[in-house]
Amino acid sequence: MANIKVPYLDLRAQYRSIKPEIDQAVARVLDSCQFVLGPEIAEFEKEFASYCGTTECVAVNSGTSALHLALLAAGVGPGDEVITVPFTFVASVSTILYAGAKPVLVDIEPRTFNMNPDALEAAISPRTKAIVPVHLYGHPADMDPILEVAQKNKLIVIEDAAQAHGAKYKGRSSGSIGDIGCFSFYPAKNLGACGEGGAITTSNPEYARKIRMLRDWGQDRKYHHVLHGYNYRMEGFQGAILRVKLRHLEQWTTARRSIGKKYNELLAGSDLLLPTEMPGTRHVYHLYTIRADNRDALQAALLNEEIQTGIHYSTPVHLQPAYAELGYGPDSFPESEKAAKEVLSLPIYPELSDSQIKAVAEALTRLAQPA
Ligand SMILES: *Cc1c(COP(=O)(O)O)cnc(C)c1O
């Protein structure tokens, strides 16, 4: 796919734009031989906490590990229930099972693809311990009504902000709105490592202290294990690289938002349902995802013109074979199931050129015409 007209993602373009800085950061780590945790991680944690507006950040080796440890810090365990959505990446649900608890799912609202707060009350039981809203595609979930239900029922709110670095909801940054925030630095995310990475943000020092121990074998000092911990430590290389990339993130987010705006304008005349940005929010366009009735045919036709697209996600978690055990069948979550059939993610990354954006919009407008 090296010569494809519009690739879905181009990580090389980003590397090229900041190569000297990245190479220097890698060399610094090689020189120091601080390959696991260490000073670069400590600095990154301070910088990312400040970016998110929390007092604490704990860096880990993936977004999945971040979610797992956030749930454990919240005291989630066997016998507990945790509420999240089926229209998400599988990790939002599977980490609840890692913690030994039962995932309870609620449907999404169709405009933002995020948790429908109106569905929450009915899902709460005496066993409910936490709620995990997902800021899907980089658009924040409607947090105020979610926090209200949580407060009323004494539940902990853990944001799955894996796709939403720098997203804002009524002035608050993702990762600082609930009790704990979880981020992924998988290479394709808005802030991506050169490998795996993740982080937990919180302004609760007790949660942070526990998560710090859990990521490193539950030690409170060397070889003294007070908790059943894990090896979820971040590598030195990733911390050093993420510090470089964090300095560019706002500019990249501005570029993503500007691409989103261009798509909105160029596609305004088509029959396609375009992404929305709810009042009072800042969408960071991890993905620019449209809806189309003839999604699969449209995707194939675009590929035929060398335009790559993605589908996030083609099967909601409750209909995945591995999660049949949760006991939800087809028609359990109509909005999630409908979205799974219609969503199509267009290429969006800061280095995407104006001519590529126009090419995508032109092809899409033409191909989406009813026959
Ligand atoms: C990427 C992602 C995760 C998992 O992060 P990893 O770093 O890949 O483990 C969790 N939730 C959502 C919504 C994601 O997009």
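**Exercises on a predicted model**

The side chain of lysine 245 reaches the backbone oxygen of glycine 192 at 2.9 Å. This is a predicted model, in which local features need pLDDT of at least 70, side-chain atom pairs count only at pLDDT 80 or more, and totals for chains, interfaces and linings use all residues. Residues are numbered from 1 along each chain as its sequence is written, and side-chain values use heavy atoms, with hydrogens and water left out.

**Exercise 1.** Describe the surroundings of lysine 245.

*Solution.* Step 1: locate the residue. Lysine 245 belongs to helix α8, residues 236-246 (helices are DSSP runs of H or I with at least four residues, strands runs of E with at least two, numbered from the N terminus).

Step 1: Lysine 245 is buried and has no salt bridge; the nearest side chain of opposite charge is that of glutamate 351, 8.4 Å away. Buried means under 20% relative accessible area, exposed over 50%, partly exposed in between, with a 1.4 Å probe and protein chains only. A salt bridge needs a side-chain nitrogen of Lys or Arg within 4 Å of a carboxyl oxygen of Asp or Glu. Lys and Arg count as positive, Asp and Glu as negative; His and the chain ends are not counted.

Step 2: list contacts (heavy atoms within 4.5 Å). Leaving aside neighbours within four places in sequence, lysine 245 touches Gln14, Ile18, Ile22, Leu191, Gly192, Ala193 and Trp252.

**Exercise 2.** Work out the strand order of the open sheet that contains β6.

*Solution.* Step 1: the three strands run in the order β7-β6-β12, with antiparallel pairing. Because β7 (172-173) and β12 (281-282) stand at the edges with a single partner strand each, one side of each has no neighbour in the sheet.

Step 1: β6 (residues 168-169) pairs with β7 over two bridges; strands pair if DSSP finds at least two bridges between them. Tyrosine 169 has arginine 172 in β7 as its bridge partner.

**Exercise 3.** Find the residues with a positive phi that are not glycine, and give their exposure.

*Solution.* Step 1: lysine 154 has a phi of about 55 degrees. Lysine 154 sits in the loop between α6 (143-153) and β5 (156-160) and is exposed, at 74% relative accessible area.

Step 1: glutamate 306 has a phi of about 65 degrees. The loop between α10 and α11 holds glutamate 306, which is partly exposed at 39% relative accessibility.

How values were computed: Polar contact = N/O pair within 3.5 Å; in protein donor to acceptor, adjacent residues only side chain to side chain.
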